[in-house]
Amino acid sequence: MKLAIVIPAYNEAETIGNVLKNLPKKLNGVDQIVPIVVDDGSMDKTYDLAKKNTRYVIRHVVNLGVGAATTTGFEAAKRLNSDIVVTMDADGQHNPNDIKKIIKPILDRKADIVIGTRMLTIAGMPIIKIIGNWFMNFITFLVFRKWTTDSQSGMKALNKKACTLMTFHSLGYEICSEIIGEVKRNNLAMKEIPIETIYTDYSKIKGQNWLNGANVLIKMITIRLLGKKR
Amino acid sequence: MIINILVKVFSIILGLTVLIKTYHDFKKHRENLVMFLFWMVAWSLIIVATLFPSTVTLLIERISGKGVGIGTFIGVAFIFVFFVTYRIYIKANRLEQKIKDIVVKIGLKDLDNI
C-alpha cells in the first residue's frame with residue numbers, strides 16, 4: 001500500500017521544512033510514504049527547503065492558487081501509482097499524527113474519501129473562522145447538495161477510486177468545496193474524522209479570509225453551471 | 001446638488017485614472033494603437049457626458065426622436081454592459097483553465113526528471 005501526502009505550498013519557507021520533517025515515517029497498513037510538495041510559484045525559498053526534505057517537489061512556473069497546486073499533486077500521486085492520497089496544508093496547522101486517523105476508514109474499506117474535520121473540536125479556533133467555516137459549509141451545501149461539517153478543511157484522504165474519478169476546475173480555495181461536489185457527483189462514500197488544528201500566529205494569517213468567501217461563492221456557481229461542459 | 005457634484009467628481013477621477021493607465025500601457029507597448037485610441041475616445045466621451053448630461057439627452061432625441069426617453073437608453077446600456085461583463089467573465093474563466101492545464105503539465109514534467 002503506497003501513501004502519497006500532497007502538500008500544496010506558496011511562500012511557506014518558514015514552515016515547509018518542519019512540516020516535512022514531522023511527517024510519519026511508518027504507518028500501519030502502509031508500505032511506502034511519499035510526500036509530494038507542489039510549490040505554487042513561491043517567491044521565497046519554499047522550493048529549495050522542500051527539496052532538502054523530500055524527493056518529490058513539483059514547481060508551478062506561476063502562482064495559480066491552492067486548487068491548481070492540489071490538482072497537480074493528485075495527478076502526480078496517480079502517476080506514482082499511489083493507493084491512498086492525503087492532502088495537508090504547508091503552514092503547519094495540521095497535526096501529522098492525524099494522518100493515521102484519517103486513512104484508517106480507507107484502509108478498512110469503509111470510505112472512499114475522508115474529511116479531517118476541525119469543526120467537531122473547535123477549541124482554540126478563532127470565532128471569525130468558526131462563523132466563516134459554517135457559512136462556507138452552508139454555501140457548499142446550497143451549490144452542491146452535500147453536507148459536511150468542514151467543507152474547507154485542507155486535510156483529506158482519498159483512495160485510488162476517488163482520486164481517479166474526481167476532476168477539478170478550481171484554481172483557488174474553491175477546490176475544497178469542489179471536492180465535496182465531486183463526492184456527490186461520483187456517489188463516493190465519505191466519512192468525517194475529527195482532527196486537531198494547531199493555531200499559531202503564522203497559521204492564523206494564512207488561509208482564507210472573508211473577502212475570499214465571496215470569490216469562492218462566485219467560482220463555485222461557475223463550476224456548477226459551466227464546470228463539466230468545459 | 002451635492003450628490004450631483006459627487007457623481008461628477010467620482011466619474012472624472014475614474015475616467016482620468018483609466019485614461020492615464022491606458023496612456024501608460026501604450027507608452028510601455030502593452031497596448032496597441034487601435035485599442036489605445038478606442039479607450040481614449042470612449043473614456044473622453046464618458047467624461048464629457050458626465051460634465052454635460054444635457055448633451056446626452058439632446059443627442060438621444062436627435063438620433064431616436066422624442067419617443068425614446070433617457071430611461072430606456074440607460075436600460076439598454078445596462079443590459080449591454082452586463083452582457084459584455086458576462087462574456088468577459090466566461091472568456092477569463094476559459095483562459096484561466098487553459099493556463100492551469102499548461103502550468104500543471106509543465107509542473108508534472110519535474111516528476112519525469114526525478
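**Close-up views of a predicted two-chain model**

**View 1. A:K160 and its salt bridge to A:D83.** A:K160 is partly exposed, at a relative accessible area of 34%. In this predicted model, A:K160 forms a salt bridge with A:D83, with the closest N and O atoms 3.8 Å apart. The pair links distant parts of the chain, 77 residues apart. A:K160 belongs to helix α6 (residues 160–165) of chain A, whereas A:D83 sits in the loop between α3 and β4 of chain A. A:D83 is also partly exposed, with a relative accessible area of 24%.

**View 2. The buried side of helix α4 in chain A.** Helix α4 (residues 98–107) of chain A has these buried residues: A:D98, A:I99, A:I102, A:I103, A:P105 and A:I106. They lie on the same side of α4(A), because they cover an arc of only 145° around the axis. Their packing partners in chain A are β1 (2–9), β4 (84–87), β5 (113–117), β6 (156–159) and β7 (190–194).

View 3. A:K104 forms a salt bridge with A:D108, and the closest N and O atoms are 2.8 Å apart. A:K104 is partly exposed, at 48% relative accessible area. A:D108 counts as partly exposed, at 36% relative accessibility. Just after α4(A), A:R109 adopts a positive phi of about 55°.

View 4. A:R185 forms a salt bridge with A:E182; the closest N and O atoms are 2.9 Å apart. Both residues lie in helix α7 (residues 175–185) of chain A, three residues apart, about one turn of the helix. An α-helix has 3.6 residues a turn, so residues three or four places apart point the same way. A:R185 counts as partly exposed, at 44% relative accessibility. A:E182 counts as buried, at 2%.

**View 5. A nonpolar surface patch with residues from chains A and B.** A:V61, A:V62, B:L95, B:I99, B:I102 and B:I106 form this patch on the surface. Together they have about 520 Å² of accessible area. A:V61 is in the loop between β3 (56–59) and α3 (66–79) of chain A. With 55% relative accessibility, A:V61 counts as exposed.

**View 6. Confidence along chain B.** Chain B has an average pLDDT of 87, and 98% of its residues score at least 70. Within chain B, helix α2 (residues 33–51) has the highest confidence, at 90. Helix α3 (residues 53–64) of chain B has the lowest, at a mean of 80. For the complex, the predictor gives an ipTM of 0.79 and a pTM of 0.79.

Conventions
Residues are numbered from 1 along each chain as its sequence is written. Chains are lettered from A and ligands numbered from 1 in the order in which they are written. This is a predicted model: local features need pLDDT of at least 70, side-chain atom pairs count only at pLDDT 80 or more; totals for chains, interfaces and linings use all residues. Side-chain values use heavy atoms; hydrogens and water are left out. pLDDT is the predictor's confidence in each residue, from 0 to 100. Helices (H or I, at least four residues) and strands (E, at least two) are DSSP runs, numbered from the N terminus. Buried means under 20% relative accessible area, exposed over 50%, partly exposed in between (1.4 Å probe, protein chains only). The arc is that of the directions from the helix axis to the C-beta atoms. Contact means heavy atoms within 4.5 Å. Patches are made of residues with over 30% relative accessible area and no salt bridge: like charges are joined within 9 Å, nonpolar side chains (Val, Leu, Ile, Met, Phe, Trp, Tyr) within 5 Å. Accessible areas come from the Shrake-Rupley method with a 1.4 Å probe; for residues, only the protein chains shown count as cover. A salt bridge is a side-chain nitrogen of Lys or Arg within 4 Å of a carboxyl oxygen of Asp or Glu.
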